[in-house]
Amino acid sequence: NTISVIGLGYIGLPTAAVIASRRKKVVGVDVNQHAVDTINKGEIHIVEPELDMIVHAAVKEGHLRATTSPEPADAFLIAVPTPFKAEGGNDHVPDLSYIEAASKAIAPVLNKGNLVILESTSPVGATERVAEVLAEARPDLTFPQSHGEDSDIRIAHCPERVLPGHVIRELVENDRVIGGMTERCSKAATALYKIFVEGECITTTARTAEMAKLTENSFRDVNIAFANELSIICDKLDINVWELIRLSNRHPRVNILQPGPGVGGHCIAVDPWFIVSETPDEARLIRAAREVNDGKPQWVIDKVNEAVGKFLSANPEKTAKEVSIACFGLAFKPDIDDLRESPALAITQKIAASNPGQTLIVEPNIEALPAGKLEGCTLVTADDALESADVVVLLVDHKPFKSIDPQQLEGCYLIDSRGIWAA
Ligand code: SAJ
């Protein structure tokens with residue numbers, strides 16, 4: 001039995017490696033030759049705890065191999081990106097081109113009895129679209145949309161739900177929602193996930209599974225937006241939002257999340273738009289949450305400018321060129337080195353671009369600043385930054401920042417978007 005994983009990124013590679021670690025033959029497929037070569041050497045091209053060891057062992061023992069062109073297999077698991085694109089006046093239309101390309105790529109090697117699973121987070125209807133693309137390419141085979149339970153090919157949507165930084169554990173422990181196009185499709189997909197999933201596998205329809213995944217991330221987005229909105233309201237009313245949330249959360253049925261500088265990552269800031277773009281008139285709260293969270297970085301920047309203004313009026317002998325601003329944290333969330341889709345990075349870039357003085361950056365999880373993104377900025381240690389900064393902006397609640405001595409912060413104008421110092 002061979003399992004083919006299409007797309008060897010943050011989801012595909014860990015999934016391929018974990019299945020291979022259960023001594024199944026796994027062939028990973030990716031259009032990126034560099035990724036394929038790296039994996040075949042037993043190494044990895046992405047950062048995720050424990051993944052390197054598992055990939056190394058799986059490749060060395062011969063259970064995992066990577067290639068750029070699909071080969072026949074028993075099951076195909078599609079884990080390619082689903083970003084959004086601008087189209088016809090709408091800035092957030094789901095871009096299914098990667099899913100369609102992956103479907104077209106596997107169509108020629110499909111055989112009767114194969115199972116095709118879409119894992120990519122997808123707008124409702126995407127699994128049906130995969131089925132359509134496959135059916136168009138292979139008129140010699142039958143598919144669930146036309147032949148139901150008797151079809152040659154089984155198709156299901158089983159959305160990934162793992163948290164970056166905890167992928168290996170969550171892949172195994174999380175429950176899985178399995179949405180087959182028919183019951184037989186669900187059963188076949190369940191059998192595959194049972195190879196490595198210790199959580200429960202719960203079956204439903206493909207459309208419900210698609211919506212379930214979008215719902216999970218929209219739920220989190222709406223709840224973070226609530227916290228972010230509170231932080232803006234409290235700032236106006238001169239109330240400490242961190243204390244306020246702590247107190248409110250003492251109520252047995254209240255559990256407010258933490259405000260921050262905005263929502264980053266590749267999922268929560270994207271997936272709710274898939275609901276909004278399908279049902280724009282109905283998804284009012286989900287859209288408002290996106291807007292609140294997307295507006296938060298600019299609010300933080302405004303606060304920084306305000307602080308610079310205050311510093312200059314308190315120190316009239318200084319000019320704007322002499323103000324030193326230190327930004328703490330660039331990653332999209334704590335204790336990772338992932339700078340992609342990071343509000344902290346975006347905020348720091350804007351501050352640096354408009355600051356005629358010095359911009360210092362503290363990011364303990366990277367060794368050098370990303371190339372070409374932060375011209376003129378200097379990566380320094382927390383101690384060095386605090387020694388010379390006039391304005392300090394906390395953007396990510398990395399662990400080492402939490403143990404900074406409050407005395408070191410004295411005398412700085414502080415904007416603490418995470419509440420670790422201002423709490
Ligand atoms: N954030 C806050 N306040 C909070 C919690 C998070 O501002 O109280 C921010 C984070 O700093 C970050 C963003 O939200 O910028 C997203 O971080 P996250 O840790 O909430 O989520 P992701 O994007 O790393 O992973 C999410 C997870 N989804 C849910 O928790 C519902 C994960 O389980 C999904 O598999 C993943 O999206 C995905 O791939 O869809």
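Mentor: A residue is buried if 20 or more other C-beta atoms, placed from the backbone, lie within 10 Å of its own, exposed if 12 or fewer do, and partly exposed in between. This is a predicted model: local features need pLDDT of at least 70, side-chain atom pairs count only at pLDDT 80 or more, and totals for chains, interfaces and linings use all residues. Residues are numbered from 1 along each chain as its sequence is written.

Trainee: Why does Glu50 count as partly exposed?

Mentor: Glu50 has 13 C-beta neighbours inside 10 Å. Glu50 sits in the loop between helix 2 (33-40) and helix 3. Its phi is positive, about 75°, although Glu50 is not a glycine.

Trainee: What makes Asp238 exposed?

Mentor: Six is the count to remember: 6 other C-beta atoms lie within 10 Å of Asp238. The limit for exposed is 12 or fewer, so Asp238 is exposed. Asp238 belongs to the loop between helix 9 and helix 10 (241-248). Here too a residue other than glycine has a positive phi, near 60°.

Trainee: Why is Ala353 called exposed?

Mentor: Ala353 has 12 other C-beta atoms within 10 Å. The definition says 12 or fewer, so Ala353 is exposed. Ala353 lies in helix 13 (residues 343-354); helices here are DSSP runs of H or I with at least four residues, strands are E runs of at least two, and both are numbered from the N terminus.

Trainee: What makes helix 11 (residues 271-278) largely enclosed?

Mentor: Six of its eight residues are buried, so the rest of the structure largely encloses helix 11. The buried residues are Asp271, Pro272, Trp273, Phe274, Ile275 and Val276. They pack against strand 5 (84-87), strand 6 (90-94), helix 9 (206-237) and helix 12. Contact here requires C-beta atoms, placed from the backbone, within 7 Å.

Trainee: How do you know that helix 1 (residues 12-21) is mostly covered?

Mentor: 10 of the 10 residues of helix 1 are buried. Among them are Leu13, Pro14, Val18 and Ile19. The partners of the buried residues include strand 1 (2-6), strand 2 (25-29), helix 3 (51-60) and helix 7 (167-173). Just after helix 1, Arg23 takes a positive phi of about 65°.

Trainee: What makes strand 13 (378-379) and strand 15 (413-416) edge strands?

Mentor: Five strands form an open sheet, ordered 13-12-11-14-15, with parallel pairing. Strand 13 and strand 15 each pair on one side only. Pairing itself has a threshold: DSSP must find at least two bridges between the strands.

Trainee: How do you know that strand 14 (residues 391-394) and strand 15 pair?

Mentor: They share four bridges. The cut-off is at least two, so strand 14 and strand 15 pair. Val391 stands opposite Tyr413, and Val393 has Ile415 as its bridge partner. Strand 11 is also joined to strand 14 by four bridges and runs parallel to it. There, Ala326 is partnered by Val392.

Trainee: Which way do the residues of strand 14 point, and are they buried or exposed?

Mentor: Val391 and Val393 point one way, Val392 and Leu394 the other, and all are buried. Helix 12 (residues 284-314) lies across strand 11 (324-328), strand 14 and strand 15. Helix 12 runs at about 170° to strand 15, on a scale of 0 to 180 degrees between N-to-C directions of axes fitted to C-alpha atoms, for helices over the stretch in contact.

Trainee: Which strands are the edges of the eight-strand sheet?

Mentor: That open sheet has the order 3-2-1-4-7-8-9-10, with mixed pairing. Its edges are strand 3 and strand 10 (201-205), each pairing on one side only. The twist averages 25° from one strand to the next. Four bridges join strand 2 to strand 3, which run parallel; one of the partner pairs is Val26 and Leu64. Helix 5 (residues 126-137) lies across strand 7 (115-118) and strand 8 (154-157), at about 140° to strand 7.

Trainee: How many residues surround the ligand?

Mentor: 20 residues do, and the closest are Leu257, Gly260, Gly264, Gly265 and Cys267. A residue qualifies if its C-beta atom, placed from the backbone, lies within 6 Å of the molecule.

Definitions and conventions: Contact = placed C-beta atoms within 7 Å.
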